[in-house]
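Student: Here is a structure that is new to me. Please take me through the terms used for it and show how each one is decided.

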Amino acid sequence: MSTELLKRLAMGLGALLVLWVAAEIIRGSPGDGVTEFALLELDADQPDSIVVTRAIGDVLLQRVSDDVWSVNGHRAAVTSVAEFLDALQGTARAELVAQNPSSFSRFDIEDDTARRLQVFNGSASVLDLLVGKRGADFQSSYVRRPNEDEVYVARFPIGTFVDRPLDDWRDKTIASLQPDAIAGIEVTRNDGSYNIVRADSGQWSIDGDPADSAAVARLAGQFSSLNGTSFPSEVQMDSVDLASPDRRVVLRGADNTVLAELVFDSTAASGYWVRRVGDSTVLRLDRFRVDQLTPADSTLRR
């Protein structure tokens with residue numbers, strides 16, 4: 001190997017070494033940069049509002065009572081909020097990756113591009129965090145505190161929550177009834193109506209005739225955990241007509257009280273809009289699901 005070639009190789013290696021050292025100065029070495037990134041220092045029952053500010057639309061979560069939250073004025077899904085609060089408790093393993101504002105754009109964590117997460121207990125701010133793009137793995141995200149230059153890659157799923165669509169925060173529950181509590185089912189369809197009643201003996205009848213008890217039990221079980229799939233847009237809501245529904249189901253208890261009354265309006269696509277009487281929330285259900293909830297009476301007769 002010639003002397004000239006050796007010189008060129010040495011110069012190349014030297015340049016790579018300089019670049020590596022510079023990169024380590026910017027991002028910090030893995031060993032020295034790993035730290036515990038403090039999150040909430042409160043119990044899960046203490047925060048009473050959470051604000052996510054983002055370009056696709058802000059999210060405002062507010063505690064209504066112990067385990068009841070609202071999201072942008074709508075009823076929030078209890079499990080979604082509980083998962084979020086649980087993820088924010090304690091500390092997260094984090095690695096310092098930058099300390100210079102010139103690197104903010106690389107991590108999408110500039111003031112006008114980052115999503116901002118704020119958690120309050122009354123008027124007191126207990127967490128204020130800017131969240132940038134996701135890290136190398138799906139569970140991590142780049143974060144920094146407002147007015148600070150240090151950027152961390154934090155190993156907890158904060159990005160999953162701040163990116164969650166508004167509809168996924170909302171409660172999609174239509175009905176949640178114990179099947180044993182249902183003693184009567186009234187179904188109205190375009191082609192007629194029928195009434196199912198459970199006698200004191202436990203036997204079911206449909207319009208006075210013996211009913212298929214197993215089929216009725218399956219029908220009652222449909223209302224134990226009935227959730228919608230989505231909410232109508234403002235444009236879709238203009239065409240919803242639940243004042244004159246295409247189908248209706250009334251569920252009654254043993255004392256003939258109404259446990260739930262559902263009204264259905266068919267959509268232009270293959271589905272129905274459904275609303276529980278007494279609740280203004282409208283949700284979508286697929287057609288096959290509505291057919292299960294309002295079956296033809298012939299499928300229920302013995």
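**Pockets, cores, strands and loops**

Tutor: About 270 Å³ of space lies in the largest pocket (a volume is the space filled by probe spheres set on grid points, which are joined across faces, edges and corners). The model is a predicted one, in which local features need pLDDT of at least 70 and side-chain atom pairs count only at pLDDT 80 or more, while totals for chains, interfaces and linings use all residues. Residues are numbered from 1 along each chain as its sequence is written, and side-chain values use heavy atoms, with hydrogens and water left out.

Student: What makes a residue part of the lining of the largest pocket, and which residues are they?

Tutor: A pocket is found on a 1 Å grid over the protein atoms alone, as an open set of points where a 1.4 Å probe fits, with protein on both sides within 12 Å along at least five of seven lines; a lining residue has an atom within 4 Å of a point. The residues that line the largest pocket are His74, Leu166, Asp167, Arg170, Phe231, Pro232, Ser233, Glu234, Met237, Ser280, Thr281 and Val282. Helix 5 (166-169) and helix 7 (234-239) each supply at least two residues of this lining (helices are DSSP runs of H or I with at least four residues, strands are runs of E with at least two, both numbered from the N terminus).

Student: How many residues of each class line the largest pocket?

Tutor: The lining has 5 nonpolar, 4 polar and 3 charged residues. Here Ala, Val, Leu, Ile, Met, Phe, Trp, Tyr, Cys and Pro count as nonpolar, Asp, Glu, Lys and Arg as charged, and the others, Gly among them, as polar. The second largest pocket has a volume of about 160 Å³, and its lining has 4 nonpolar, 2 polar and 5 charged residues. Among the residues lining the second largest pocket are Arg54, Asp111, Asp112, Arg115 and Arg116.

Student: Why is Asn147 called exposed?

Tutor: Buried means under 20% relative accessible area, exposed over 50%, and partly exposed in between, with a 1.4 Å probe and protein chains only. Asn147 has 81% relative accessibility, so it counts as exposed. Asn147 lies in the loop between strand 9 (141-144) and strand 10 (151-154), and has a positive phi of about 70° although it is not a glycine.

Student: Why is Asp108 called partly exposed?

Tutor: Asp108 has 38% relative accessibility, so it falls in the class in between. Asp108 also has a positive phi, of about 55°, and is not a glycine. Its place is the loop between strand 6 (91-98) and strand 7.

Student: What makes a group of residues a nonpolar core, and how many residues are in the largest one?

Tutor: A nonpolar core is a set of buried Ala, Val, Leu, Ile, Met, Phe, Trp, Tyr and Cys residues joined through side-chain atoms within 4.5 Å. The largest has 30 residues, and Leu251 is one of those with the most contacts inside it. Helix 6 (residues 213-221) gives the most to this core, with 4 residues. A second, separate core of 28 residues includes Leu39, Trp69, Leu96 and Val131.

Student: Which residues is Leu251 in contact with, beyond its neighbours within four places in sequence?

Tutor: Contact means heavy atoms within 4.5 Å. The partners of Leu251 include Leu177, Ile185, Phe223 and Val258.

Student: How do you know which strands pair with strand 2?

Tutor: Two strands pair if DSSP finds at least two bridges between them. Strand 2 (residues 49-53) has 4 bridges to strand 3 (residues 59-63), and the two run antiparallel. Another 5 bridges join strand 2 to strand 7 (residues 115-121), also antiparallel. Both counts meet the cut-off, so strand 2 pairs with strand 3 and with strand 7. Val51 has Leu60 as its bridge partner in strand 3 and Gln118 in strand 7.

Student: Why is Arg302 called exposed, and where is it found?

Tutor: Its relative accessible area is 66%, so Arg302 is exposed. Arg302 is found in the segment after helix 8 (287-293). Arg302 and Ser205 are 97 residues apart in sequence, and 9.1 Å apart in space, C-alpha to C-alpha. Leaving aside neighbours within four places in sequence, Arg302 is in contact with Gln203, Pro210, Ala211 and Asp212.
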